[in-house]
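Welcome! Have the sequence and the 3D view ready, and work through the exercises below one step at a time.

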Amino acid sequence: MNDKLVGQPLVRKEDPRLLRGDGRYLDDLGRGALAAAFVRSPVAHARITGIDVDEALDVEGLVAIYTHEDLPGRIAEPLPLLIPHPDLTHPRTPYCLANGEVNHVGEAVVMVVATDRYLAEDVAERIRVTYEDLPPVVGIDQARAGERLVHEDAPGNVAARSVQTNGKGEAHEAIASAPHRLALDLHIERSASMPMEGKGVLAHWDADDRTLRVHSSTQTSTSVRLAVAAKLELPPDRVEVITPDVGGGFGVKIVHPWPEEILVPWAAMTLGRDVKWVEDRREHFTSSAHERAQQQHVEVGFDEAGRLLGLSVEIWHDNGAYVPYGIIVPIVTSTQLLGPYKVGAYRVEFTSLYTNTVIVTPYRGAGRPQGVFAMERTMDAIAEYLGMDRLAVREANLIQPEEMPYDQGLVFQDGRPLIYDSGDYPTMLRMIRDLVGWDGFEAERAAAAAEGRRIGIGIGAYVEGTGMGPYEGAHVKVETTGEVVVSTGLTTQGQGHYTSLAQIAADVLGVGVGDVTVITGDTRRFKYAVGTFASRAIVTSGNAVAIAAAKVAEKAKRIAAAALGDGVAPEDLELVDGRVRRRADPATAIDLRTVAVLSNPLRYAFDEETKAATQFAAATATGEEPGLEATGYYMPERSTYAAGAHGVVVETDPETADIRILRYCVVHDCGVVVNPRIVEGQVHGGVAQGIGGALYERIVYDDAGQLVNASYMDFLIPFATEVPHIQTAHMVTASGLNPLGLKGAGEAGVIPTSAVVASAIEDAEGLAVRRMPISPSELYELRKARQARKEQVSA
Amino acid sequence: MRVTFTVNGRSAEADDVWEGESLLYVLRERVGLPGSKNACEQGECGSCTVYLDDVPVCSCLVAAGQVQDRQVRTVEGLADGDRLDPVQACFIKAGAVQCGFCTPGLLVQAHDLIERNPEPSDPEIREALAGNLCRCTGYEKILDAVREAAAIKAGIA
Ligand code: FES
Ligand code: FES
């Protein structure tokens, strides 16, 4: 019997190609295609009063200039609202090209097509757009004030207001009658996914075939296909969307269709030439998507033991200028805020607000980091108030393993009940306590203090809904060469699906991982899929691959049984080492590739091998459809809940207020692990983004709505010099919701990082940290403010 | 203008090059070597790093004309035929690649570090790679890979 491949830390099949420079990303395709560039709004809020292209017309190489007026039919209508919700009462989505008004810096106004990108930019530079400024709404305070409006017909700048309660009593009453009460005001600033590869689209129109082929650097090729077909009014089967290698997504590329995903294909159809657009870095900053920015007001009532009796949270969420992706982010914050805890009566209300800034859509973590920040800051505040150990407060509130499945009484982002399927949170907390050295920390602190150093420790936990529906599918085929080809509709952006999905298929079919080729994100190969986001790919697609492969294995057994004859029944057979063999007598066997030949009964022979499948040759199974292949789908009934706990030790410089991470530890439970090497990499990458979000990364708008740090020089993504060594430990509580017992892992690392770093800084400094990210100068200001308060008291 | 240079040991020629064109553009669009990546085009991320006469440079900041008669080596030229360079092999083994977009530049940078400093300390590795952004890996496994590649090249592994 093969050793099971699922669970092994195999090296990735895709790496050699990528390491040789042979990866093919969007911009590596379509040499010779016409290039598109965009004139984008330089102002945050304005009416467009004129567009003058005269000076641009004599640039050599110019092919076309398009404004909103030029767009026909549905292309001239606003982009779709992807996720409608009853509480989203004032949804507004952008146009492909601004229709008389711009609502953020970077909004596309004019599209230019030229023979190369340099020339297209030259043309764009000569186009004069005149604007009549409108007052911009920047930041949550201004949006809440509602004196200026982003959209005249969205009063108070409110896109949505939503309330959820957990059915465990009235939260305000529970808080009022609790022995102790606290209130906290919290702020999280804007950040962004910022993949190294920006977006990009390449389109080819085949006029003979009347078929459109679109390459897009997206997290969902199947959905882009449906969106493009709808906008261009083409039958979906005339549109193919292919996702080449993708240089990272982290959420921003799940949004679709981007204006460029509609305009570039339309231009290719209109011009009859291939057209390509590749986003440059500045465009990515000012015209893709951001996330995170929220204000929160927390009120909590608790008892002597630190147990939460009532929790009320109000959230103001900055959704930017439009809401094409609906209100998923604040829904996730509101629901995942609860983490591994029981909270008594819970009420959460969020207001999603328009501002004249780039749209806000899920970025890895997708609202969870903000929720965990609220919950974990609350835990620390309770501990401080009661003079209790911070870990003990958390322990007092944990959901116990025997309470699983645990219904939190809320509706999650998939529209299904928020029911934790499995998890062992007490063990998780014990593990992080040991890993980070919680118990020995006071000695460590004292030793550091003796050297004049200031250190602090922080801890936090989260629960993450993963693997949501509606479904994912796969097609598995055994070729007559013995190669197994797995096609799935979802895309891949570096998560190693070419390897992890191969491991799953190989186990079921009894072949090596090297025999399996995985194809992703190509609608020519698989048309039905949802996409790669929300830590769902391995759960949904992984199970779909297993289901499809199992069908293939059954079929292989039936065909092999017929071929082996001699009373062999399919149930007697097993698939091992590339052969279908008799369990009782492994010498009675037939190669899987031969079964693939036999699966396709032939009239004609082409070589020695195919002879076996012709009419006068040996018996083939009757009643089978040709081909050793099958399609399978996995449709989860609801999300499965992964969990984790992080611990961190920081040092803060008493003089400079520099903040340094000395130790970062992660305990992570994502159910059954398909490939530990890949999962560990996902966790590391998430933590690095979390550290960025805690200490360095923030998108800064000035009062005029100008994004003032739109470059890698000014938006500080951590380099190798900023990310510490990350210690990880794993635990496995399998999910009972899917056949493989999997839970998602893609977002895990980023979720509690801001919360635990804040906790550790608070511990080192003895002052409250209520706002993230935090820079040395902000820490310095906090110290100064405390000093001023002290002096006031003593004066 | 015409630019003639050597890339990965072979002579290359590009015609009608505009003075403002970058080496990165020439490599990617004119000589068919798209391995080097463009992630910022302003010298801030290292994804476009190539050797220019044995010194790593951000090719997005090098004007095409500057490479006239000089030697360029890109990610495509690191392996010796089918044999991957130890740095590449160690990236696989360590699991140092996720999306792969930063990888070409990081490989050249790491390759250079090991050439110059056969036994780099951890801070030296971090410092050497501190011009290369990676948004996926958190660098942990990249550091593992570089440590091991250095050990292999120094003959101690
Ligand atoms: S592309 Fe050259 S440094 Fe970023
Ligand atoms: S592997 Fe994706 S940016 Fe480094």
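**Exercise 1. Domains of chain A**
How many Å apart do the C-alpha centres of domain 1 of chain A and domain 3 of chain A lie?

*Solution.* Keep in mind that this is a predicted model. Start with the bounds: the domain assignment gives domain 1 as 32–134 + 193–287 and domain 3 as 469–634, with domain 2 as 294–468 + 637–792. Next, take the C-alpha centres of domains 1 and 3 of chain A, which lie 40 Å apart. Finally, look at where they meet: 18 residues of domain 1 are in contact with 18 residues of domain 3.

**Exercise 2. The largest pocket**
Find which residues lie nearest the centre of the largest pocket, and describe its lining.

*Solution.* First, the space: about 1200 Å³ lies in this pocket. Then, the centre: of the 48 lining residues, A:R117, A:Y118, A:E121, A:V278 and B:E41 lie nearest to it. Sorted by class, the lining holds 22 nonpolar, 19 charged and 7 polar residues. Lastly, the elements that each supply at least two lining residues include α2 (117–126) and β12 (275–278) of chain A, along with α1 (23–30) of chain B.

**Exercise 3. The nonpolar cores**
Identify the residues that touch the most other members of the largest nonpolar core.

*Solution.* Among the 176 residues of this core, they are A:L311, A:Y420 and B:F91. Helix α9 (residues 368–386) of chain A gives the most to the core, with 8 residues. Apart from this core lies another, of 49 residues, including A:A506 and A:V597. Now zoom in on B:F91: leaving out residues up to four places away in sequence, B:F91 touches A:L19 as well as chain B residues, among them B:L106 and B:I142.

Terms used
Residues are numbered from 1 along each chain as its sequence is written. Chains are lettered from A and ligands numbered from 1 in the order in which they are written. This is a predicted model: local features need pLDDT of at least 70, side-chain atom pairs count only at pLDDT 80 or more; totals for chains, interfaces and linings use all residues. Side-chain values use heavy atoms; hydrogens and water are left out. A nonpolar core is a set of buried Ala, Val, Leu, Ile, Met, Phe, Trp, Tyr and Cys residues joined through side-chain atoms within 4.5 Å. Buried means under 20% relative accessible area, exposed over 50%, partly exposed in between (1.4 Å probe, protein chains only). Helices (H or I, at least four residues) and strands (E, at least two) are DSSP runs, numbered from the N terminus. Contact means heavy atoms within 4.5 Å. On a 1 Å grid over the protein atoms alone, a cavity is a set of points where a 1.4 Å probe fits but cannot get out, and a pocket is an open set with protein on both sides within 12 Å along at least five of seven lines; lining residues have an atom within 4 Å of a point. Grid points are joined across faces, edges and corners, and a volume is the space filled by probe spheres set on the points. Ala, Val, Leu, Ile, Met, Phe, Trp, Tyr, Cys and Pro count as nonpolar, Asp, Glu, Lys and Arg as charged, and the others, Gly among them, as polar. Domain bounds come from an automatic or database domain assignment.
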